[in-house]
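Try each task before reading its solution.

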Amino acid sequence: MIKIQAKKHDNFSVEFKFGFNCTNDGVRDDFSVNAWMFVPNSLDINEEVYGKKQFYRDIKSNVRLITPSYLLREIAADDSKPLSLLKTAMEKLAVSQRESYKSEYEYHLKMFAAIFKSAIRNQATHLRNARSLADASYLVDEYLVNSEVILKKFRALYAIIDVPSVSDQTRSYFRLCDEFITHIVEIQTIRIVRRIDASAQTPEELALRERFAQTVMAQREYKKRMGYDVLNGEVNHDRRLVHHRGMLKKFIESDLYINLHKKKDGVAVEQILYSIAAGVAMIFATGVAWYTQMKYGNITWPLFVVLVISYMLKDRIKELMRYYFAHKLGNKYFDKKAVISIGDRRVGVLKEGFDIISYDRMPQEVKDMREKSSSIADETRIFEEKILLYRKHLTIDDKALQGNADYPLDGINEIMRLHLTRFAQKMDNPTVPIDTFDADGNVITIQVQKSYYINIVFQLQHDAKVEYHHFRITMTRDGVLHVVEM
């Protein structure tokens, strides 16, 4: 299956997160994503000023493995796989400083932190979504007790590598991981406290708030004791701390990210078809010359004129054939292709393509979804919205994927950011003055936001299953206001 989430990333970009979940049956999974973007004609996005090169500059994709799924109680259990694998790797490292042991230790350290981050985030979200925390005290106990147990068990492992044979740099990786998960516990717990503060606070909820607050303060005291930085309100210090935490996150999740080296797709077929186009044009020119020479003789004025005209038409025929083949290639081939590899093992292929298309080339389901959100019937045609089509095809070899991991892997996530700076260049002022009456009948002028809508309809297909999602981006010249699913 394919999961999709959308959100505003910053003032001029939106983020789409795709979850490509494999069936785990040991065979190949095929995923397709087609996205039709409906852009107001007034923004002047067209083939002349916005081609493939500009589009690919405006999107940025990060592909990573889906973090193995564990519950907090599973990580806290005595037979916890993430903790057991990490402990074994650390024991090997304490005995020998082989490079393979160092790599194994660093890998399991990062994987433990990433798994813990995912587990506590999911548990915290479940708590925040509970109708009443007071009625779900068992969930609170599970969150607080299990997170504390996991932290104690993890921190106790440091003694294994606190030996002279392990270098300071190698031990520092453990400290980085410890700092990261301490911060994660603090930030997720603060979000739960914020949820309590936003609701009617009964005595029971106030008591729960105190328990969560104690956990936050305990983590802050631990940070100070270990020499980890905490926010203190000093601008330069806090700016460096935010940067440091960003680097921590990248360090922890580095083994989950997959580097893609994209190249042009269908190059050989394209060149063959273009050669055929040149051949057809040459056949035409040679045939005309041969026929004219047979009729008029070797050197005559009619032969000269016909040869010049045939040469002119030959070039036009070649270009028309190239255009025709390029159009056909666009339907069957993609612009870019990348091999997805983990280590030296190939696990899948990612392809993507982009075109500006006409209204008639859209499926009826997409037309219907766009019309449902229109304020005027047939809005797309009346106002000549430009339609941008972005295509993505992903193939994952499930057997190869599982063969790479000590943990069960469900598939691949792709985080795609679409930057809309170019779209805002020709927008009007972010507010426009409107004259109206106030309550006393006096004429007043109010400033009203001048907004633009960019509608995106996604078609998600996994094997034979197809589903559609419709998102609307609302933005002004000052940037994106919000993204909602229609």
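Accessible areas here come from the Shrake-Rupley method with a 1.4 Å probe. Keep in mind that this is a predicted model.

**Exercise 1. Describe the protein chain as a whole.**

Solution. Start with the surface: the accessible surface of the protein chain comes to about 26,300 Å², and carbon and sulfur atoms hold 53% of that area. Next, look inside: of the 486 residues, 43% are buried. Then count the elements: the chain has 15 helices and 15 strands. Finally, take the contacts between residues at least 6 apart in sequence: 71% of them join residues at least 24 apart.

**Exercise 2. Work out how helix 4 and helix 5 are arranged.**

Solution. Two packed helices are described by the angle between their axes and the distance between the axes. Helix 4 covers residues 99–128 and helix 5 covers residues 137–156. Their angle is about 165 degrees, and their axes lie 10 Å apart. Angles over 145 degrees count as roughly antiparallel, so helix 4 and helix 5 are roughly antiparallel to each other. Their crossing is left-handed. Helix 4 contributes residues including L109, F112 and F116 to the contact, while helix 5 contributes, among them, L139, V140 and Y143. By class, this contact has 11 nonpolar, 3 polar and 1 charged residues.

Methods. Residues numbered from 1 in each chain as written. Predicted model: local features only at pLDDT ≥ 70, side-chain atom pairs only at ≥ 80, totals over all residues. Heavy atoms only, no water. Axes fitted to C-alpha atoms, helices over the stretch in contact; angles between N-to-C directions. Helix = DSSP H or I, 4+ residues; strand = E, 2+ residues; numbered from the N terminus. Parallel < 35°, antiparallel > 145°, perpendicular 65-115°, else oblique. Left-handed = near helix turned anticlockwise from the far one by under 90°. Contact = heavy atoms within 4.5 Å. Nonpolar A, V, L, I, M, F, W, Y, C, P; charged D, E, K, R; others polar. Buried < 20%, exposed > 50% of the residue type's maximum accessible area, 1.4 Å probe, protein only.
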